[in-house]
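I opened the file and kept notes in the order in which I looked things up. Each entry takes one part of the chain.

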Amino acid sequence: MNPTGGGKENPQDVSRRRFLTMLGLGIGWGGVTATLAGTGAATLRYMVPTIRYEPPTIFKIGKPEDYGVGVDNKLKKERQIWVVRNERGLYVMVAICRHLGCTPNWFQDQGRFRCPCHGSIYDMMGNVVGGPAPRTLWRAGVSLDSVDGQIVVNFTQRQDPDPKGTPEGLMVDERSREVPPFFIKL
Ligand code: FES
């Protein structure tokens, strides 16, 4: 604005107006840039889906002859299972305590699984013979692959029978557990 009312503008007014114009343009382009960046990120997320590497729930663990009679501990860490073989066949037990989910340990000399968290004790069949566990250990689904003869474990398929309270602990009749798809007769 020219305070004298003449035709010539005050140089201060001119530079202020320029400054405000530039500022407005800057804010405008900043907004456009931010919007484009946001859209680009969303598009990229859509085109490159998030991949989660979770352990497979159905997997092969070798052939029955790879396992001797007794409890095999070698897949506990990698697959969270024990492979158990008796004179009739083979089953797979899930290495998760039925109390609050800790991982028990197998003690060959005692013939017992013991949970380090609160002291639950299980026998080789998964019956509860001590401690606070309210159920027997789960057995996972097992079958033999018809092509290569390997044992296929279905980790999410769980045998969970109701145990009976006895003086020895919470027990399940073993023969009733040795049925497909939780037992491979050998
Ligand atoms: S989690 Fe195993 S005894 Fe509690």
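Entry 1: How many of the five residues of strand β3 (residues 81–85) are buried? I found four of the five buried, which makes β3 mostly covered. I counted a residue as buried if 20 or more other C-beta atoms lie within 10 Å of its own, as exposed if 12 or fewer do, and as partly exposed in between, with C-beta atoms placed from the backbone. Strands (E, at least two residues) and helices (H or I, at least four residues) are DSSP runs, numbered from the N terminus.

**Entry 2: what kind of model this is.** I noted that the model is predicted, that local features need pLDDT of at least 70, that side-chain atom pairs count only at pLDDT 80 or more, and that totals for chains, interfaces and linings use all residues. Residues are numbered from 1 along each chain as its sequence is written. I read pLDDT as the predictor's confidence in each residue, from 0 to 100. The protein averages a pLDDT of 88, and 74% of the residues score at least 70. Over residues 1–6 the pLDDT stays under 50. For that stretch the model has four contacts beyond four places in sequence. A contact here needs two residues with C-beta atoms, placed from the backbone, within 7 Å.

**Entry 3: the whole chain.** I listed three helices and 13 strands. Of the 186 residues, 19% count as buried. I then took the contacts between residues at least 6 apart in sequence, and 44% of these join residues at least 24 apart.

**Entry 4: the partners of β3.** I looked on both sides of β3 in the pairing list, where two strands pair if DSSP finds at least two bridges between them. Strand β2 (residues 70–72) is joined to β3 by three bridges, and the two run antiparallel. In this pair, G70 stands opposite R85. Strand β4 (residues 89–94) is also antiparallel to β3, with five bridges. Here I81 has V94 as its bridge partner. A hairpin through three residues joins β3 to β4.

Entry 5: Which residue in the loop between α2 (76–79) and β3 did I stop at? I stopped at Q80. Q80 has a positive phi of about 60 degrees although it is not a glycine. Most residues other than glycine have a negative phi. Q80 counts as partly exposed because it has 15 C-beta neighbours inside 10 Å.

**Entry 6: V94.** This residue lies in strand β4. Is V94 buried or exposed? V94 is buried, because 21 other C-beta atoms lie within 10 Å. Leaving out residues up to four places away in sequence, V94 touches Q80, I81, L137, W138, A140 and R158. I also checked V94 against G126, which is 32 residues away along the chain, and their C-alpha atoms are separated by 9.4 Å.

**Entry 7: the core.** I looked for nonpolar cores, meaning sets of buried Ala, Val, Leu, Ile, Met, Phe, Trp, Tyr and Cys residues joined through C-beta atoms within 7 Å. The largest one has 27 residues, and I81, Y91, V92 and M93 touch the most other members. The elements that give two or more residues to this core are β3, β4, β9 (139–144) and β10 (151–159). β4 gives the most, with five residues. For Y91 I wrote down the contacts with V84, R139, V142, F182 and F183, not counting residues up to four places away in sequence.

Entry 8: β9 and β10 pair in the antiparallel sense over six bridges. In this pair L144 stands opposite I151. The two strands form a hairpin with six residues between them, and G149 in the turn has a positive phi of about 75 degrees. β10 also runs antiparallel to β1, joined by three bridges. I58 has N154 in β10 as its bridge partner.

**Entry 9: I61.** I61 sits in the loop between β1 (58–60) and β2. I61 counts as buried because it has 20 C-beta neighbours inside 10 Å. Its contacts, leaving aside neighbours within four places in sequence, are L75, V83, I151 and V153. I61 and V153 are 92 residues apart in sequence, and 7.3 Å apart in space, C-alpha to C-alpha.

**Entry 10: a cis bond.** The peptide bond from P180 to P181 is cis, with omega near 0 degrees. P181 is in the loop between α3 (174–177) and β13 (184–185). Most peptide bonds are trans.
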